[in-house]
Structure formats: C-alpha cells, structure tokens
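Please have a look at the chain on the screen, and then I will take you through a few parts of it.

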Amino acid sequence: MGGSKVQVNKAHKSRFASKSSRKAHKVPLAVKSRIGKAEKKSMKGARATRIQRSKMMRDQKRATLLKEKRASGGPSSAPRIIVLCGLSSSLNLNMLAKELFILLSGEESEVISATVASQTYKLRTTVLVAPYGDLVSCMEMAKVADLIAFVVSANSFEDGCETSPIDSFGIQCLSVFRAIGLPSTTVLIRDLPGSTREKQDAKKIAISCLGSELPEDCRFYPADTKEELHKFLWLFKEQHLSVPHWRSQRPYLMSQEVGLELENNKPGKCTLLLSGYVRAQSLSVNQLVHVSGAGDFQFDKIDVLKDPVPLNERKGSNLMDSDNSNCIEVVLTLKPDALKQEPLVVENIPDPLAGEQTWPTEADMAEADENNERRKLRRKKLPPGTSDYQAAWIVEDSDDDVSEGSVEEGDGMVLDGQKYNFAQVGSNQSDSEIAHNMENFDEETEADTEMADDANLTSEQIEAEIKKLKDACGLDEEFPDEVDTPIDVPAKKRFAKYRGLKSFRTSSWDPQESLPPEYAKIFNFDNFTKTQNHVLAKVLNEEHVRGSLQVGSYVRLHVKDVPVDLASKVYHLSQSFPVVACGLLQHESKMSVLHFSIKKHDSYDDPIKSKEIFTFHVGFRHFIARPIFSSDNINSDKHKMERFLLPGRFSIASIYAPICFPPMPLVVLKNKHGDSPAVAAVGSLRSVDPYRIILKKIILTGYPLRVSKKKATVRYMFHNPDDVRWFKPVELYTKCGRRGLIKDSVGTHGAMKCLFNGVIQQHDTVCMSLYKRAYPKWPEQLFPLAKRRRKEIIADWQDFV
C-alpha cells in the first residue's frame, strides 16, 4: 500500500548515545559482561578518588588561609602598619593621623607612640605619616607598609579630571612605589561636601581620575567624619592584605626604638640596639643582619621582650611609652652558636699560590735548548766593517732571515681571541711611559672621569660639566662607538687591549681570560639556580629550628661590632623614619657581579653615563655602585657595552655588590649637586654571573681617496705604516654594506690599499670594529653611611648624648 498512510518509523537516536554504548555491540559477547562490570567499578573508584582529592585541597587552602589570617590579624601577630601618603602638598596628614589615633585608643590624649592596641576593633596598628617632599623617607616607609593609604582632597576634583589632583612629587612617589612593589592600597578622600548625593558624585569623580594610576583592587573611602573613619577601620581589620613577594622571603624588623652600648674592650666599636616586631619569616640568631644603609653585621644576642602593646591590656595603658622602655621585662635571651653562626664574609681572600704556575718543565727546557742551537747555526747579517767581537754583542731577531713581505704578514693583529704581540722595536719610550699613556687614553675613551666635588665647583662650572655630558651623549647617539685615532701615539699601542672579531655572535671569547684583580675578591656559583632553591627551601624550615624567633615576637637585637659613627648616624636617622633591620639569607653578604634589568626614569632628564656613582636600592638594602650598561642579546653569549643609558628601553646594568637572590626590585637614585636625591632609573635583579661577557666596541673610520671599482685607497684611519700592517688581519666594512680587507700600505702617512666585495662609492665611509672586555668599577665606599666627615660624627654623637 502506498500514499500518505505509509508507515514511517522513527529515526535511530544514536547521536544522543555515549561512545561506550555505541561501541558496545562491537565487543564480543564472551567478554562484554566482564568488561562492563569492571569498567563500572573502576569509574566508581576514580570518582571517589577525585572527590577525596578535591576535599583535601579545599581543606589545605582553608587551613592556609586561616593560618595567614591569624598571623596577620591575630593577637600574637605584629601590628599592622598603615602609611599615610599625601598626593599633594595641600593636605594635613598629621590631623588625619591624630583622628585615627583617637578613634583607635578611645581617648583624646597626647600621642606617645605610633603603635596603639585597640580593644574596640581588636586590632594593633602602627600609623606612619610619610613626609611630603622627602622621597627617601617615603620609600623606606613604603617598604615596610602593610597598607598604603593615599590621601586626596575633594577640592582638587572641582574641575573634574581636566587638572590632575596629583602633583609632580605625588607622581614620582607613585612610580617609585610601583617599582618597589605595592602592598594593599586604599584612597582616603577628605574635604567632601555635606550632602549625600554630592558626596557620591565626588567619590565617582575620584575613582575615574585615580583609577588608572592605582591597582584594580584599590578601595576608596571618605575620611572626614568619625563615622567614616570608623567604617574604614572595621573594613581594614577584615581586609586580607597582600605584600610583595620579595618581602615575604626574608625576616625583617621595623625599629620601634634605637640605642647603643659602648664596648670597653673594642675602642671605636659599639653594640647597636634595635627593638621591634619580627615580621614575614622567623628570625634566627645565627644568621647575619643588614641594617639599612649601614651594612651587614652579626648578632651578639637577641632578647625576647614582653610585648609592650598587648591586645588584651586594660584601657589607658595601650600606648608604648618610650620613657619606660628600659623597664620592659626580658622573657628569653638567645645567643648564637659558634659552630652554626653564619660567618661575616664580604670579600674573598685570594691565594697568591693558586694562580697559574710558570715553572718550566723538562720538555720546555729541551725545546729551548734546541731553539738556541738553531739560532747559533743561523748566519747573521752584519753591517760592513763589523768585527767578530762586535758581532757577538749584536742582538739578533729570530725572523731576520725572513723576507720583508712575510714580516708584514706576520706582524699584524690576530682575530678571534688570539693573543697579540705588543712589543715595538725601536721605540724611544720606556715601558712605564707607554703604560701611563695607554691608561690615560683608555680613561679618555671610556669617559671615566668624574665630576669634582660639588663644594669645589661654582654654578657655572657645574652647568659646563652638564653641557659637556649632554654633548657627549648626543654625539654618541649620532655616531655610536666611533673614535678618532690619535696622531701622536701609534694605534697599536693606543688600542693594544682591543681585538677584532670575525663575527660578534659566533666568534669565541674565553670568559675567564685576562680577568681584573677585583675578580679575585668576588664569589661565583657553579649553579646559581640550584643554590637559590636550596637557600629558599631552608628558609621555610627555619621556624622549626632551635634558636629561631617566631613571627610577631617583640625582640631587642644586639648587633655587635658596629662603628660608633655608624651607630650614631643610625640613631639620628631613626628620628626621621624607621630603620629597618633585615635578616640575610645564606651567601647574601658576599660580593659578586650582579646584573639588573634597568630603564631610565621618565622624570630624569640628565644623561646617565656608565661608571657614574649611583645609590642602588635593592629591596631593604641600598649601597653605592658604579655600573656599566650593556645590551641584552638573546642569541649570543656576548653583549655590547653602552656608554649611556638611553631612555625608552631596557638595558642591563652590571655592578659589584653583595649577592641577592631574585626577584628583587631596584630603584636607582642620583644625588644632583647637593639637592635631594632624584630617581634616575628603575628595574629589577636579573642574575648573578661574574662571567657574563660585556664587550666595549670602538669603530675606526677612514675615507676613500681614490676609487677603482672594488679597489680603493683609504686615508685617515691610521697615521703610520706600522699601524696598517698591525691591523691588516682585521676585516673592514663600509656604511653602505660592503666588506673588505687591507691589502697593503701606501706611503708613510697611514694610507692603505683595500679590496672590497663590491663596487665602492666615493662618498662611502670605511669602518673597522674592535672589541675589548669591559668590567664595572669597584666601589670605593659600599654603603652610604660607611664614610662620613668628622664634624658630622661629632655632631651626631653630641645629639645622642
């Protein structure tokens, strides 16, 4: 039967079935039941395992979060540090800090200490006010802050976002804080209008104007009335605070009190006393400590004191009174173990007998005797009329019987890392004079000369020095690496330390060849990454070691063998901003070569020259260094030195400094002629590697005098024929892309015949590239407070007494 009443069956719904059910008919009947049961059982066990694993991970995360919350906000934790930072000069931060203290303490009394324990909020807090205009103090406070509260005025938003509410100093502080690593941040808005609607509008304008300058999780709070500050403190108590990663790896202490004790048996030395709470990691009495700006030292002992600001103390005695600090009860005293204490090693002591021995072997002596016999059999070329007695005194060169052409071939510079013969026969200068001239010329080429002391220079001389430096920077950008060949000194003496390379990328260069004497003082690692992982893993287990102090303990550090002038300076600085004592990891006191990825700061206009004196702020530590800048070549083991740090791009700065383990932030400061320090550059630590090859490149230029297709006569690259023969093996190139070689010398004024791989143009410039390895300068003064004038020392000591 046909037509519309034909039976129509439903389509098979195999597209909705699972893969296992679709393939079930392909399994033999003998094993279908066994496979199905086993698969069902295994799936059930796997699901239970996944559920159990997920539950374990949730429990671990919950326990970790609870531990962090108790460590940061519990009664046994260190007080939270709030730093009030004004983004403009029109704000009164002292008034805001006083209002916060009154709200926390619950009484209107005179503020004795910056730390207060609030029974209302169940919170201990330290409130610090960043002084406007003092960049170093603001930066030191930001390093220890748990929360940075930026304060702005609503009056600065009257014109909307057309005029920025942040002035130049506020912008500079924000950029430095971002380079260091911002902790948790918030914005407190003052001077808001009275009505609720206008208040909300002003807050929205503040968020739109400042949102791009601050992190995404930054919160905005009105901070005019007591109720608004009360809401801010409640939310601050429950807030999960984040800190930079580099700060959580090392124990540190922000000084609440600073003092010193003189030592009778060690004249000129004293014991520096620093009191405060242990933060971030547990502190061991056997490890070294770094006092910010003063240097690295050892512990004499550590006193665990009774907490002066307990959270459960009765009302009225929650402020830490500095007058009663000597009456604080000592709970426990820890002394270092002589066998486990980390030695204070800064520089390596070189062994004079560990160098290369040059005592001749028997084979060397036999070869020397054979050469002497050959020399005796060789006929001497004597001037006419010379007697046998006179001939015996004539010093003969070993290559006298070689033709003149072969002498020219063998008397040249050797490529790709081979040694040169720097002796010149017939020179009228002594070796000391030659060495002195080479050093002087080398200093002029490297531009190592430093400005004189600012106190001895007038304003006109300072402006002349700056103009000279800017001209040199502009000349280096226009004609990079080009130098002039001196006329009065032979080029093979002037550029004796340089060599030619066939290829900058593929030519070999021994990283341990001709190292400077400073390399005998530094330390190197066979595997730096493995050492770093071992040291950081040791830090995590430090809290279970006997002699370690838990986080949140209130302690007094006895730092021994501190010079009296350093201790008095630290005491003087503690009146301006808190002094930080940081526990050092293993090996971090030893000197090595550190390499930083660095970029010039936008607000710094002056040229930054290699080997100038800068202050490097690396984490909690800061020291003086004289860096050299270089490019970062990914596909080569050699890196080209840069004479100036050019704006708009990253370079590598290499310095001699104590070892640090990355990641570590970097802020470079420069003292500008007696003014306050300016931010010159920012960056981060890249690596610790003494054998990173940095090559200084120079380019000698000449100009074609006569051109005949591929041949040309070039002048003004050299000024005598000996230099032409010396540099004959080095390859030439032109600015238009031709490559060539020196064929012969022409005349007596340094002209030379050259052959190129293509037709040479008359207007082209012939170039020759030479290289030598460059090293940073050893700092004469490592830490900023290490060297001071006698008048400053006496004045600080009198202030302390």
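This is a predicted model: local features need pLDDT of at least 70, side-chain atom pairs count only at pLDDT 80 or more; totals for chains, interfaces and linings use all residues.

Helix H4 and helix H5 cross in the right-handed sense, where right-handed means that the near helix is turned clockwise from the far one by less than a right angle, and left-handed that it is turned anticlockwise. The contact is made by Leu 135, Cys 138, Met 139, Ala 142 and Lys 143 on the H4 side, and by Phe 169, Gln 172, Cys 173, Val 176, Phe 177 and Ile 180 on the H5 side, with contact meaning heavy atoms within 4.5 Å. Sorted by class, nine of these residues are nonpolar, one is polar and one is charged; here Ala, Val, Leu, Ile, Met, Phe, Trp, Tyr, Cys and Pro count as nonpolar, Asp, Glu, Lys and Arg as charged, and the others, Gly among them, as polar. H4 covers residues 135-144 and H5 covers residues 168-180, and they pack at an angle of about 35° with their axes 10 Å apart. The axes are lines fitted to C-alpha atoms, for helices over the stretch in contact, and angles run from 0 to 180 degrees between N-to-C directions.

Residues are numbered from 1 along each chain as its sequence is written, and side-chain values use heavy atoms, with hydrogens and water left out. The helices (H or I, at least four residues) and strands (E, at least two) are DSSP runs, numbered from the N terminus, and the chain has 17 helices and 32 strands.

How many of the 10 residues of H4 are buried? Nine of them are, so H4 is largely enclosed by the rest of the structure, where buried means under 20% relative accessible area, exposed over 50%, and partly exposed in between, with a 1.4 Å probe and protein chains only. Among the buried residues of H4 are Glu 140 and Lys 143, and for the whole chain of 801 residues the buried share is 45%.

His 617 lies in strand E20, residues 614-618, and counts as buried because its relative accessibility is 5%. Leaving aside neighbours within four places in sequence, the residues in contact with His 617 include Met 139 and Glu 140 as well as Pro 665 and Leu 666.

Lys 143 is also one of the residues that Arg 247 touches, and Ala 142, Tyr 252 and Phe 620 are others, not counting residues up to four places away in sequence. Arg 247 sits in the loop between helix H7 (226-238) and strand E7 (252-254), and with 2% relative accessibility it counts as buried. Its side chain makes a polar contact of 3.4 Å with the side chain of Asp 146.

Let us turn to the sheet. Six strands form an open sheet in the order E2-E3-E1-E4-E5-E6, with mixed pairing. Strand E2 (115-118) and strand E6 (219-222) stand at the edges with a single partner strand each, so one side of each has no neighbour in the sheet. From one strand to the next, the twist averages 30°.

Strand E1 (residues 80-86) pairs with strand E4 (residues 147-153) in the parallel sense over five bridges, two strands being paired if DSSP finds at least two bridges between them. Gly 86 stands opposite Val 151 in E4. E4 and E5 run parallel and are joined by seven bridges, with Ser 153 opposite Arg 190 in E5. E5 and E6 pair in the parallel sense over four bridges, and there Leu 188 stands opposite Tyr 221 in E6.

Why is strand E5 (residues 184-190) described as largely enclosed by the rest of the structure? Seven of its seven residues are buried. Ser 184, Thr 186, Leu 188 and Arg 190 point one way from E5, whereas Thr 185, Val 187 and Ile 189 point the other way, and all are buried.

Methods: A polar contact is a pair of N or O atoms within 3.5 Å; within protein, one must be able to donate a hydrogen and the other to accept it, and residues adjacent in sequence count only if both atoms are side-chain atoms.
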